[in-house]
Amino acid sequence: MVESGLNATAAALLGLLHDGPMTGGQLMATATRRLGPFWSMTRSQVYRELPALADMGYVRLGKPGPRSSQPYAITPAGKRAFARWLAEPDGREALRNPVALRVAFGEFQSQDQLRDLYEQAAEYHTAALAEARERAKETRKAGDEFGAAALDFAVGYHRAALSWLKAVPGK
């Protein structure tokens with residue numbers, strides 16, 4: 001199998017461009033809406049990847065729009081590279097949770113610090129859970145079962161985080 005040479009951010013951008021040409025700002029907004037509950041992407045990553053994808057011939061630049069916005073469209077080579085990326089092994093997950101990291105060093109924190117940490121984390125996960133549930137419901141209603149399934153992952157993640165927060169020491 002020939003490897004795509006794509007990182008996950010570049011592949012996500014190519015996947016989103018299957019919907020049609022978009023500017024970097026539109027790609028960022030679409031990524032936040034469609035992928036945000038389970039995959040983070042920064043504006044700097046988007047704007048770093050787009051020229052690289054253009055250099056590889058995977059996207060082409062369209063006619064500049066208002067305020068010099070530059071739309072990008074996926075090319076046939078980009079579609080092939082995306083298909084190769086989808087066929088590659090997914091690699092290892094990189095789990096990085098800042099709350100769990102702080103909990104690991106809980107012995108160095110006051111009860112007030114830990115309580116604030118847990119309260120803030122619970123507020124975040126409660127709101128994120130509600131958002132992921134709503135997006136999954138809307139996505140399923142729109143007929144996108146695969147998108148809804150990915151959003152169901154976010155629902156499960158936030159449920160698990162809330163369950164874990166109820167059991168952490170030092171509450």
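How do α1 and α3 lie to each other: roughly parallel or roughly perpendicular?

Reply: First, the ground rules: this is a predicted model, where local features need pLDDT of at least 70, side-chain atom pairs count only at pLDDT 80 or more, and totals for chains, interfaces and linings use all residues. Residues are numbered from 1 along each chain as its sequence is written, and side-chain values use heavy atoms, with hydrogens and water left out.

Now your helices. α1 and α3 are roughly perpendicular to each other (65 to 115 degrees; under 35 would be roughly parallel, over 145 roughly antiparallel, and the rest oblique). Helix α1 covers residues 8–17 and α3 residues 43–55; they pack at about 75°, with axes 10 Å apart. The axes are lines fitted to C-alpha atoms over the stretch in contact, and angles run from 0 to 180 degrees between N-to-C directions. Helices are DSSP runs (H or I, at least four residues), numbered from the N terminus.

Who touches whom? From α1 come Thr 9, Ala 10, Leu 13 and Leu 14, and from α3 come Gln 45, Val 46, Glu 49, Leu 50 and Leu 53; contact here means heavy atoms within 4.5 Å. Sorted by type, that makes 6 nonpolar, 2 polar and 1 charged (Ala, Val, Leu, Ile, Met, Phe, Trp, Tyr, Cys and Pro are nonpolar; Asp, Glu, Lys and Arg charged; the others, Gly among them, polar).

Also in α3 is Pro 51, which counts as partly exposed at 38% relative accessibility (buried is under 20%, exposed over 50%, partly exposed in between, with a 1.4 Å probe and protein chains only). Pro 51 and Phe 146 are 95 residues apart in sequence, and their C-alpha atoms are 29 Å apart in space.

One last stop is helix α4 (residues 76–87), where Phe 82 and Trp 85 sit 3 residues apart, separated by about one helical turn. Phe 82 is buried at 16% relative accessible area, whereas Trp 85 is partly exposed at 26%.

Notes:
Helix = DSSP H or I, 4+ residues; strand = E, 2+ residues; numbered from the N terminus.
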